[in-house]
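Hello,

Here is the structure I promised to pass on to you. Please have a look at it first, and then read my notes below.

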Amino acid sequence: MLINHYSVFIPISLLDSVDRQFDYILRGCHCSARSLARNMAFEGSMKDRGEVRIHESLDELSTDLADYIAELSEVSVKEHGVFTVALSGGSLINLMRKLCDAPYNKTVDWSKWYIFWADERVVAKTHVDSNYKLAKDHLFSKLPIVPSHVYPINDSLTAEEAASDYKFVIRQLVRIRVINVSNISDCPKFDLILLGMGPDGHVASLFPNHSVLEEKNEWVTFITNSPKPPPERITFTLPVINSAANVVVVATGGGKAEAASMAIDDVGPECLGLPARMVQPGVGKLVWFLDNEAASKLKRFS
Ligand SMILES: O=C(O)[C@H](O)[C@@H](O)[C@H](O)[C@H](O)COP(=O)(O)O
């Protein structure tokens, strides 16, 4: 049986003896209404694989995710006046939908958000496959985000040109300090990069065994042979993802269980090349948002 919210009653000393690498955080009993959903989740953290939050339902996951993003936004705006966030496509966008509801639609300082794409399909912005269109239709058309703070790719270019153009756009924003610079690399330091994960363990458009995983110099690159359609995409590279202040990976459903275990568990060297496992922020924080099904093969939770 999966560890669920009842597991908070397991004494921490027992968990400790089960596995010292795992630093379980038991949620406090004194919860506000806002944090109630979090208390329905199980949360643990593992050295260098980040914090893992497992939720009983997609509804709880969405609430916790919205809460977490809102908190990061508040901290970033306090620290440097803006919140720079990069999105992916897929189910992530629907799971972020609660940001459009109360209290977040009123309490978040949307005017300070700058929105980018960690990966984008090279199609027209109006195309049904466009990650920009997905996010626009379901998220930011419903929120008071400043239109000039939204940075879609230039959809009139080839994949190669679009990647290079996107890198240029980001470079200008780094230059004027809208986007921070990492102090561990020469990469931009986004306040938050939000990723989904495919059943094959891909994140952004970084697919297993693809040469794009080796890219060390470019901030943004392109592929023309994506195993997941459409084939042409641009993507942030691993150095950029791993330079972010915060990285969130969201994965739900049993189809992601194997990849989640390979990405998070203490497994053999064969898993080290899995893109999701290569997400390892240098100084930033990594948090996994999983549902029970996606977490069902995690050794430490079963
Ligand atoms: O453009 C894309 O295809 C996405 O950015 C991709 O990386 C996605 O996030 C994962 O494939 C997970 O997608 P699901 O959550 O829909 O399974």
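Predicted model: local features only at pLDDT ≥ 70, side-chain atom pairs only at ≥ 80, totals over all residues.

Let me start with the ligand. It is surrounded by 14 residues, and the closest are Ser 88, Gly 89, Gly 90, Ser 91 and Gly 196. If you sort the residues of this shell by type, you get three nonpolar, eight polar and three charged.

Next comes the core. In soluble globular proteins, nonpolar side chains tend to be buried together. Here the largest nonpolar core has 75 residues, and those touching the most other members are Ala 86, Ile 193, Leu 195, Ile 241 and Val 249.

Three strands form an open sheet in the order E6-E11-E10, and their pairing is antiparallel. Strand E6 (119-121) and strand E10 (220-223) are the edge strands, each pairing on one side only. On average, neighbouring strands of this sheet are turned by 20° against each other, direction ignored. E10 and strand E11 (residues 233-236) run antiparallel and are joined by four bridges. Across this pair, Thr 221 stands opposite Thr 235 in E11. Helix H7 (residues 159-175) packs on the sheet and touches E10 and E11. The direction of H7 makes about 170° with that of E10.

Note on methods: Residues numbered from 1 in each chain as written. Near = placed C-beta within 6 Å. Nonpolar A, V, L, I, M, F, W, Y, C, P; charged D, E, K, R; others polar. Core = buried A, V, L, I, M, F, W, Y, C linked by C-beta atoms within 7 Å. Buried ≥ 20, exposed ≤ 12 C-beta atoms within 10 Å, placed from the backbone. Pairing = 2+ DSSP bridges. Helix = DSSP H or I, 4+ residues; strand = E, 2+ residues; numbered from the N terminus. Axes fitted to C-alpha atoms, helices over the stretch in contact; angles between N-to-C directions. Contact = placed C-beta atoms within 7 Å.
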